[in-house]
Each structure stands twice: as structure tokens, then as C-alpha cells.
Amino acid sequence: MRNLLIFLLALLGIWWVRRALTRARGERDAGNGKFAAPGRRVEHIVECAHCGVHVPETDGVRDGSHFYCCEAHRLAGPSKHD
Ligand SMILES: [Zn+2]
């Protein structure tokens, strides 16, 4: 019974965070009407400095001048062969 309660609380937490994120994003778009020109939100595709995979900039991790596809590769650092 107690595990079920924790599970439900976790679900509620995930739902709440997702809702908060969606709302924050929506408000930013709606709030800056004059900046909301079409094509403003062009997603930059960047190459991971470690494995070379191309990912949207917002999905990856930036560390100084390097960009990585994930936190693990940021910790691993840039690949040696370039
Ligand atoms: Zn990578």
C-alpha cells in the first residue's frame, strides 16, 4: 500500500513538472508576440565532440567551445582523433 502511494506521488510529480514546463514554454511564446516571427525557433543541429552524432542543440550539453549529445559524453570529453 505504501509503495502504491509513493508510485502515485511520483506520477503526480512527473505530471506536474511536465505541465509546468509546457506552460512556461507556451507563455514565453505568447508573451513575446513581436519576436514570434516564423522561423525564429530554428533548431540548430550540432555535432557531438565525443561520438560525432548530430543532435539538436537543445537536446545536448554545451561545455565551453565543445558540444556533446549527452552528459556522459561531456564527462568523457572530446574524442582524441581530432
Ligand atoms: Zn556523443
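Which helix holds the place of Ala 72? The answer is helix H2. The legends below cover this residue and other parts of a predicted model.

**View 1. Overall layout of the predicted chain.** The chain contains 2 helices and 4 strands. Read from the N terminus, the order of elements is α-β-β-β-β-α. Of the 82 residues, 10% are buried. Among contacts with a separation of 6 or more, 15% join residues 24 or more positions apart.

**View 2. Confidence along the chain.** The mean pLDDT of the chain is 85. A score of at least 70 is reached by 80% of the residues. Among the elements, helix H1 (residues 2-31) has the lowest mean pLDDT, 88. Helix H2 (residues 71-76) has the highest, 96. Where pLDDT is low, predicted coordinates should not be read in detail.

**View 3. The largest nonpolar core.** This core has 5 residues in all. Its members are Cys 48, Ala 49, Phe 67, Tyr 68 and Cys 69. In soluble globular proteins, nonpolar side chains tend to be buried together.

**View 4. Contacts of Cys 69.** Cys 69 belongs to the largest nonpolar core. Neighbours within four places in sequence are left aside here. Cys 69 is then in contact with Cys 48, Cys 51, Val 53, Val 55 and Gly 60. One of these partners, Cys 48, is also a member of the core.

**View 5. Val 46 in strand E1.** Strand E1 spans residues 45-47 and includes Val 46. Val 46 counts as partly exposed because 19 C-beta neighbours lie inside 10 Å, and a buried residue needs 20 or more. Not counting residues up to four places away in sequence, Val 46 touches His 54, Val 55, Glu 57, Gly 60 and Phe 67. Val 46 and Gly 60 are 14 residues apart along the chain. Their C-alpha atoms are separated by 8.4 Å.

**View 6. Val 42 in the loop between H1 and E1**. Val 42 is exposed because it has 6 C-beta neighbours inside 10 Å, and the limit for an exposed residue is 12 or fewer. Val 42 and Pro 56 lie 14 residues apart along the chain. The distance between their C-alpha atoms is 9.9 Å.

**View 7. Ala 72 in helix H2**. Ala 72 is exposed because it has 11 other C-beta atoms within 10 Å, and exposed means 12 or fewer. Val 61 is 11 residues from Ala 72 along the chain. The C-alpha atoms of Ala 72 and Val 61 are separated by 9.6 Å.

Key:
Residues numbered from 1 in each chain as written. Contact = placed C-beta atoms within 7 Å. Core = buried A, V, L, I, M, F, W, Y, C linked by C-beta atoms within 7 Å. pLDDT = per-residue confidence, 0-100.
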